[in-house]
Amino acid sequence: MVVNIAHRGARSLVPENTLAAARKALEVGADLWETDVEVTADEALILLHDDSLARTTDVELRFPDRAPWTLTTFTLAEICSLDAGSWFVEADPFGQIAAGMVTPAEQAAYRSEKVPTLQEALLFTQEADWRVNLELKRLPPPMEHFPVVERVLALIDELGIEPHYLILSSFNHDWLRQVQARRPDITVQALIGYSLTDLLDWDDPEFATYNACSTLITEEEIHTVTTKGIAVNLFTVNEESDMRRFIAAGVAGLFTDFPQRLAGLEQRR
């Protein structure tokens, strides 16, 4: 059975990287959710994908003079004051509001969503007895040298989060080696395919699991890699036809913006 990984939560139905997106992913049957770890100007760990706050918050209206609104130049208090949900209702990025899949009550509620802290995300996951994949992202200036691995592990320890609730992933494989050295009981997964164009190199796999760009790998390569005992998860797979062919090829898991679609497919199998 393939692992259903809700990419940034159930982001086709809910504003991405919010606690509402995590709750919805759990509701529709995802096996775990994936989210992105970033840091604020005052060194608070939060969930956000982009370097800029502009796409997924109302920061341009609230702070018009601070373009390009790089998240590492804003404090936690400033970021927590932003509306991180109205953009989704207004843009309907996956057409699911127009398709009638998001109720008017849900749309109204999403307008009050906030950017969550990593602490909130970890506590939610543990309380739900679920799992989360935390992607440790490259940090934009002026926080590019922030010790993100050290701080994430410290927060995990401070909160007493059990390791079976966690996966740490990154395109920075040195960070994953740091995690393995400090906390070998926490699962790590290596992201590959950042450029979206360079061919993937499978000659000397170092990690047990690789999260690979789905457009850079063939079914034949999946079979070859998995027969070596390496698990392969693919991002980001949204069409049911692609889900079917990758499952048939032997992937371990699929990152998807439509966990509800993958859950339905699995139920019919």
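Helices are DSSP runs of H or I with at least four residues, strands are runs of E with at least two, and both are numbered from the N terminus. An axis is a line fitted to C-alpha atoms, for helices over the stretch in contact, and angles run from 0 to 180 degrees between N-to-C directions.

Before we start, a word on the source. This is a predicted model, where local features need pLDDT of at least 70, side-chain atom pairs count only at pLDDT 80 or more, and totals for chains, interfaces and linings use all residues. Residues are numbered from 1 along each chain as its sequence is written, and side-chain values use heavy atoms, with hydrogens and water left out.

First pair: H10 and H11. Their axes come within 10 Å and cross at roughly 55 degrees. That makes H10 oblique to H11, because angles under 35 degrees count as roughly parallel, over 145 as roughly antiparallel, 65 to 115 as roughly perpendicular, and the rest as oblique.

Who meets whom? On H10, Glu 240, Met 243, Arg 244 and Ile 247. On H11, Arg 261, Leu 262, Leu 265, Glu 266 and Arg 268. Contact here means heavy atoms within 4.5 Å.

Stay with H11, residues 259–268. Its buried residues (under 20% relative accessible area, 1.4 Å probe, protein chains only; exposed is over 50%, partly exposed in between) include Leu 262, Leu 265 and Glu 266. Their cover includes strand E1, helix H1, helix H10 and strand E9.

Val 148, Val 149, Glu 150 and Leu 153 in H7 meet Trp 175, Gln 178, Val 179 and Arg 182 in H8.
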